[in-house]
Amino acid sequence: MESSEKPEVGLPLIGEKAPDFEAVTTQGTLKLSDFEGSWLVLFSHPADFTPVCTTEFIAFTKIYSELQKRNTELLGLSVDSVSSHIAWVRNVEEKMGVKIPFPIIADLNKEVSNKFGMIHPAQSKTETVRCVFIIDPESKIRTILYYPLTTGRNMDEILRIIDALQTTDKHKVATPANWNVGDPVVVPPPNSTEGAEERIKEGYDCKDWYLCFKKL
Amino acid sequence: MIDLPCVSSDGKPTKSGMATLSAVKNGALTAKAVSEQTGQPLFKVRSGLRELAKAGLVEQKDQTYRLTSKAEQLLA
């Protein structure tokens, strides 16, 4: 007889509260809510002992201290066992000289993968694609990135997004294309004709009423 | 069997578990205070305190923790 319980499959959207979970990891059983109060980069990789994933784990470790400066934790995930994760992490340290400092979820039953839409069956029915969820200290989803199995992620972009989100939260501004820390930011456009007339007199670097920059 | 961060498979606290228990004994009554006292990330402390509570070594009331008599004996 088939079980009537269907796995919870979904994709939490930007602005929504991230679904909580309790998962076995390389650093014990963790809940998403354990990370409340800090930013979190929750990311999935297809499988342990695979080449692109290994380069990514080394790259994530290289930005780990930069993430810590930004009050940001890392949490990896794949559909592998804790023993596999431990063996892989030990191998990376032994062969590549890199000690992986962050926990990795062993999502053998795909419970977390399904909650976060990490399995894309047309790519693979058994492996997670390369997802990145940037979650804020209130457990709200702030950014979602998806990469195919064959393309490794760009760590500079992940740091740039966190900088941009934290800048937006702190200064109530937006950040333009290719923005990096220190660049001018975008002043939110006015939403009335009166505001539009006032805006160009407010001392910002305005190209027109709806596109104004300022330095922080 | 893999040891968990704070409680090993035989039910005894690991090194980081002992550090957490000592911090609670020294007056760190919340997860945040334990994190500040031990230098462990807050998420690890929260997870560890949950394990220590399951092992009967700490008791939680609202957001604060205290040692059980079992833990007091271990630290004596």
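A residue is called buried when its relative accessible area is under 20%, exposed when it is over 50%, and partly exposed in between (1.4 Å probe, protein chains only). By that rule R70(A), at 16% relative accessibility, is buried. Keep the rule in mind while walking through this predicted model.

Some ground rules come next. Residues count from 1 along each chain as its sequence is written, and chains are lettered from A, with ligands numbered from 1, in the order in which they are written. Because the model is predicted, local features need pLDDT of at least 70 and side-chain atom pairs count only at pLDDT 80 or more, while totals for chains, interfaces and linings use all residues; side-chain values use heavy atoms, with hydrogens and water left out.

Start with chain A. Chain A has 6 helices and 10 strands. Helices (H or I, at least four residues) and strands (E, at least two) are DSSP runs, numbered from the N terminus. The C-alpha trace of chain A spans about 65 × 50 × 30 Å along its principal axes. Of the 216 residues in chain A, 48% are buried. The chain exposes about 11200 Å², and 52% of that comes from carbon and sulfur atoms. Such accessible areas come from the Shrake-Rupley method with a 1.4 Å probe; for residues, only the protein chains shown count as cover.

How does the chain touch itself? A contact means heavy atoms within 4.5 Å. Take the contacts in chain A with a separation of 6 or more: 65% of them involve residues 24 or more positions apart.

Now look at charges. A salt bridge is a side-chain nitrogen of Lys or Arg within 4 Å of a carboxyl oxygen of Asp or Glu. Over all chains, the structure holds 15 of them. One pairs K31(A) with E22(A), and their closest N and O atoms are 3.9 Å apart. K31(A) is partly exposed, at 26% relative accessibility. E22(A) is partly exposed too, at 42%.

Return to R70(A). Its salt bridge with D163(A) brings the closest N and O atoms to 2.7 Å. This pair links distant parts of the chain, 93 residues apart: R70(A) sits in the loop between α2 (64-69) and β4 (72-78), and D163(A) in helix α5. D163(A) is buried because its relative accessible area is 15%.

D169(A) forms a salt bridge with R142(A), with the closest N and O atoms 2.8 Å apart. D169(A) lies in helix α5 and R142(A) in strand β7, 27 residues apart. D169(A) is partly exposed at 31%, whereas R142(A) is buried at 18%. Salt bridges that share partners also join E66(A), K69(A), R70(A) and D163(A) into one network.

S139(A) is not a glycine, yet its phi is positive, about 65°. N178(A) is not a glycine either, and its phi is about 60°. S139(A) lies between β6 (130-135) and β7 (141-147). N178(A) lies between α5 (155-171) and β8 (185-187). Which of these surroundings are buried or exposed? G17(B) is in helix α1 (residues 15-25) of chain B. G17(B) counts as buried because its relative accessibility is 0%. Leaving aside neighbours within four places in sequence, G17(B) is in contact with P5(B), C6(B) and L52(B). From G17(B) to G56(B) is 39 residues in sequence and 12 Å in space, C-alpha to C-alpha.

Finally, see where the chains meet. The size of an interface is often given as the accessible area lost when the parts come together. Buried area is that loss (1.4 Å probe), summed over both parts. Chain B and chain A bury about 1000 Å² between them, 55% of it on carbon and sulfur atoms. In this interface, 11 residues of chain B are in contact with 15 residues of chain A.

What polar links cross it? There are 6 residue pairs in polar contact between chain B and chain A (both at pLDDT 80 or more). On the side of chain B that touches chain A, 6 residues are nonpolar, 1 is polar and 4 are charged. Here Ala, Val, Leu, Ile, Met, Phe, Trp, Tyr, Cys and Pro count as nonpolar, Asp, Glu, Lys and Arg as charged, and the others, Gly among them, as polar. A polar contact is a pair of N or O atoms within 3.5 Å; within protein, one must be able to donate a hydrogen and the other to accept it, and residues adjacent in sequence count only if both atoms are side-chain atoms. The count of salt bridges between the two chains is 1. D34(A) and R50(B) form a salt bridge, with the closest N and O atoms 2.8 Å apart.

End at Q27(A), in the loop between β1 (22-25) and β2 (28-31) of chain A. The side chains of Q27(A) and K44(B) are joined by a polar contact of 3.2 Å. Not counting residues up to four places away in sequence, Q27(A) touches P101(A), F102(A), P103(A), P5(B), F43(B) and K44(B). Q27(A) is buried, because its relative accessible area is 13%.

Note on methods:
Buried area is the accessible area (1.4 Å probe) that two parts lose on being put together, summed over both.
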